[in-house]
Amino acid sequence: MSRELTNGRIAGGVALALAAGAVVALTVTSETVLSLLTQATIFAIFALGVGILLLQNGMISFGHAAFYGLGGYVVAILLERQLMSAEMALVTAFFGIALFAFLIGFVVVRVPGIAFGMLTLALGQMFYQVASRSRNLTGGADGINIPWPDTLFGLDISLLTRQDAMFYFAWSGLVLSIGIVAALMASRFGATTEAIRDNEERARFIGIQTLLPRVLIFTLSGTVTALAGLMSAFQTAFVSPESMHWSVSGTALMMVIIGGYRYLWGPALGAIVFFMSRDLVGDFAQHWLAIFGVALIVVIVFAPQGISGALARLFRRKAAVRPATPAVIHKLKERT
Amino acid sequence: MLSINIFNGLVYGALLVVMSSGLALIYGLRRVVNFAHGSLYMLGAYLGYTVASHTNFWVAQVAVPLLMGLLGLALDRFAFRPLQDRDPLTVILVTFGLLLVLEDLVQTVWGKSNLSVPAPDLLSASVDLFGMSVPAYRIAVIFFGLVVAGALTLWLRYSKMGLFVRAASTEPTITSMQGVNVDRLSGLVVAVGTALAGLAGIIAAPFLSLSPSMSSDVIIDSFVVVVTGGLGSLSGAFAAALLLGQVQAVGAVYLPEFATVLPYVLMMAVLLWRPAGFAGNRV
């Protein structure tokens, strides 16, 4: 479980995953495969964002596509109107959306359970409607082509848009996001949010301020999702209202459940499995969503822990034999 | 301009009454927020297309709800009942999976092109109403909405079974202790709810065209209705459906840019102000 993680092991895992990504980027030569991998990785970041909210707050959002789409739209609008340089636009979009998530977090996380799902659904659809209707600002249903400049952060754009570079860029984004979130969750903050998730009232009684941690988890979740949106805007140089539709949020949620949300890498795995197996089914691709719909139902009914839960159980036997390290014991004491 | 919009708002409101009363009933007894309800509506419309093209509209209007009712029984028996002790959030996701399967089914069987069902001969003319010329069929839609609302109200208020349904929606455990078979009752209510989704589909078929995307708009509007009216509350859903119809219709006149956003603003306001909706959550 995540609580056994120390910062050292997280850093080791991140380094290993970065190296593995480099091997993939260097050995895979097919442009199509790399582009598919990039797309899968970007959605893995999206799913990670949705998964954090479920894992740490126990909340299901049907509106996260708004954060995903906003990433693209903010950059697109800033660049199309030549309001600032592309570098500044990326930074502005990232922190702007984080601030936005923080502010609406104060309002939405107060609403519990199913009502939260409905509220985020309404919020997401609101953005979808605004994006499809206000032609002047967002280009309406046609979307916006994003005019990326010739150089970005001093690097030539043709270098950055090479498929292998793009994949490695997205992969690093995913691995670092998981690493940072894992470190946060292994800290006191992670323990606090878990306590609130399991019993908000009890956490309040023992003197924990419960609103702010939940808002921060929501912010983190929205920001990670926005990062996926920014990467997608860079990969496709295009953004359209479709990226904000509630079914996109639903699809991301589906990846989270199939991958299993008990582990941070579960949602990411779910997204990658989603894209890879869609490619594998080939001729049945038009029935793809139905196949995944059935898979979703089967996972929920028979294996609620998802793929990551099943994998972890396979390796659990080995982990169970190993005695708890002093660091873990120390951390557990700190929490109780 | 305004009066015709109010009229059309009433027509759409009546359709939403049929749609969302099914959603509210299913939530009331099974505590399931049914994402597949819009797809059931779409399936009803397409089934109606097939039945109506072989026979006529009126046969479809009886046959489709019956078929959909059977589907509802199966849905409850094989999905909602086995999952009743699970976290409601995971059951929502099961209905989302179901939605994907149904959408694919409809596209595979009927294709992606737009289809239409002609209004029955009896209602194909235009009628003069307060100086406006309106299709007779649209007046009939309002009538259908009223009949459904009236029949459901009578059933729930004045029949013994209606009493059981109301009891089970508030206190399922105590109701079953009194000797009511709540599982069978819930199965029946889910069947009625599914039949109502199908009925809404066949009612909508002659005035909204059939397309694979017809479900996704109406399901969100129905959610707005049941959430605003109070999840599980029928009278709340009736009022909210009519309100939403008017908000969209009148909004389109006075706030054309903003009209499509209004329902969501309404829904968010209600959720933040009273998360249980206007009328609480009893049938």
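## The nonpolar core

In the largest nonpolar core, which holds 204 residues, the members that touch the most other members are Ala47(A), Val75(A) and Leu15(B); such a core is a set of buried Ala, Val, Leu, Ile, Met, Phe, Trp, Tyr and Cys residues joined through C-beta atoms within 7 Å. Helix H2 of chain A, residues 31–57, gives the most to this core, with 15 residues. Helices (DSSP runs of H or I, at least four residues) and strands (runs of E, at least two) are numbered from the N terminus. A residue counts as buried if 20 or more other C-beta atoms lie within 10 Å of its own, as exposed if 12 or fewer do, and as partly exposed in between, with the C-beta atoms placed from the backbone.

Apart from its neighbours within four places in sequence, Ala47(A) is in contact with Ala252(A), Met255(A), Val256(A), Gly259(A), Pro267(A), Ala268(A), Gly270(A) and Ala271(A). Contact here means that the C-beta atoms of two residues, placed from the backbone, lie within 7 Å.

## Basis of the model

This is a predicted model, in which local features need pLDDT of at least 70 and side-chain atom pairs count only at pLDDT 80 or more, while totals for chains, interfaces and linings use all residues. Residues are numbered from 1 along each chain as its sequence is written, and chains are lettered from A and ligands numbered from 1 in the order in which they are written.

## Chain A

Chain A contains 16 helices and four strands. Its radius of gyration is 20 Å, close to the 20 Å that the globule rule gives for 336 residues, so chain A is as compact as a globular protein of that length; the radius is taken over C-alpha atoms, and the rule is 2.2 Å times the number of residues to the power 0.38. The C-alpha trace of chain A spans about 55 × 45 × 45 Å along its principal axes, and 48% of the 336 residues count as buried. Among the contacts in chain A with a separation of 6 or more, 80% are accounted for by residues 24 or more positions apart.

Helix H11 of chain A, residues 211–236, has 26 residues and reaches 37 Å from its first C-alpha to its last, close to the 38 Å expected at 1.5 Å a residue, where the expected span is 1.5 Å times one less than the number of residues. H11(A) is mostly covered, with 22 of its 26 residues buried, and just after this helix Ala237(A) takes a positive phi of about 55°. Elsewhere, Ala285(A) is found in the loop between helix H13 (265–281) and helix H14 (288–302) of chain A, and Ala285(A) counts as exposed because it has 12 C-beta neighbours inside 10 Å. Ala285(A) and Leu296(A) are 11 residues apart in sequence and 17 Å apart in space, C-alpha to C-alpha.

## Chain B

Chain B has 11 helices and two strands, which follow the pattern α-α-α-α-β-β-α-α-α-α-α-α-α along the sequence. For its 283 residues a compact globule would have a radius of gyration near 19 Å, and the 18 Å of chain B agrees with this. The C-alpha atoms of chain B fill a box of roughly 55 × 45 × 35 Å along the principal axes, and buried residues make up 52% of the 283 residues. Residues 24 or more positions apart account for 79% of the contacts in chain B with a separation of 6 or more.

Strand S1 (residues 126–129) and strand S2 (residues 132–135) of chain B run antiparallel and are joined by four bridges; two strands pair if DSSP finds at least two bridges between them. Ser126(B) stands opposite Pro135(B) in S2(B). The hairpin of S1(B) and S2(B) has two residues between the strands, and Phe130(B) takes a positive phi near 50° there.

In the interface, 26 residues of chain B are in contact with 33 residues of chain A. Helix H4 (88–110), helix H9 (214–229) and helix H11 (262–273) of chain B each supply at least two residues of the side that touches chain A, and H4(B) gives the most to this side, with 12 residues. The residues of this side of chain B divide into 20 nonpolar, four polar and two charged, where Ala, Val, Leu, Ile, Met, Phe, Trp, Tyr, Cys and Pro count as nonpolar, Asp, Glu, Lys and Arg as charged, and the others, Gly among them, as polar.

Leu99(B) lies in helix H4 of chain B and counts as buried, because it has 26 C-beta neighbours inside 10 Å. Leaving aside neighbours within four places in sequence, Leu99(B) is in contact with Phe35(B), Ala36(B) and Ser39(B). Leu99(B) and Ala36(B) are 63 residues apart in sequence, yet 4.4 Å apart in space, C-alpha to C-alpha.
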